Amino acid sequence: MAIRPSATWRDEVSQNADAAELYTPVMLEATDAALAAFEDEARSLGEASDERILAAVERVVEQLNTIDGEHGAFCTIEREDLCEYIDQVVTAQGIDVSDLLARQDMEELTERWRDW
């Protein structure tokens, strides 16, 4: 399974004390919880409808919006890490993300959900 961005961020904190200002323990724990819930839900998405897959992505994005709102933690690099992670988790379940994107207006959808 994909490596959670929060694991990478923890490593960064262990190597650079200044990173602890951005990657606080509370923010990392909240992010881990949101991503773990997404991983659990994703395990059942292999043959799911587009709507069900997108609903799972929407839920995790909204949870990440809340975390970012509370901690102001997701800058460009973190956002890219999270998007790549979500893509990897969905892909690991046998879902062809390119096909999904071709069937949906993903930019419109994510703009509707994503604050970060």
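Two residues are in contact when they have heavy atoms within 4.5 Å of each other. In the protein chain, among contacts with a separation of 6 or more, 73% join residues 24 or more positions apart. This is a predicted model, in which local features need pLDDT of at least 70 and side-chain atom pairs count only at pLDDT 80 or more, while totals for chains, interfaces and linings use all residues. Residues are numbered from 1 along each chain as its sequence is written, and side-chain values use heavy atoms, with hydrogens and water left out.

What is the secondary structure of the protein chain made of? It comes to 6 helices and 0 strands, and from the N terminus the elements run α-α-α-α-α-α. Helices here are DSSP runs of H or I with at least four residues, strands are runs of E with at least two, and both are numbered from the N terminus. Of the 116 residues in the protein chain, 38% count as buried; buried means under 20% relative accessible area, exposed means over 50%, and partly exposed lies in between, using a 1.4 Å probe and protein chains only.

Let us now look at one pair of helices. Helix α1 covers residues 5-15 and helix α2 residues 25-42; they pack at an angle of about 160 degrees, with their axes 9 Å apart. That makes α1 roughly antiparallel to α2, a term for angles over 145 degrees. Axes are lines fitted to C-alpha atoms, for helices over the stretch in contact, and angles run from 0 to 180 degrees between N-to-C directions. On the α1 side, the contact is made by Pro5, Ser6, Trp9 and Arg10, and on the α2 side by Met27, Leu28, Glu29, Thr31, Asp32 and Leu35. These residues divide into 5 nonpolar, 2 polar and 3 charged.

Which residues of α1 are buried? They are Pro5, Ser6 and Trp9. Seen down the axis of α1, its buried residues fall within an arc of 95 degrees, so they line one face of the helix. The arc is that of the directions from the helix axis to the C-beta atoms. The cover over these buried residues includes α2 and α4 (76-92). On the other side of α1, Ser14 and Gln15 are exposed.

Our last stop is Asp50, which lies in helix α3 (residues 50-71). Is Asp50 buried or exposed? Asp50 counts as buried, because its relative accessibility is 13%. Leaving aside neighbours within four places in sequence, Asp50 is in contact with Leu100, Arg103 and Gln104.

Conventions
Parallel < 35°, antiparallel > 145°, perpendicular 65-115°, else oblique. Nonpolar A, V, L, I, M, F, W, Y, C, P; charged D, E, K, R; others polar.
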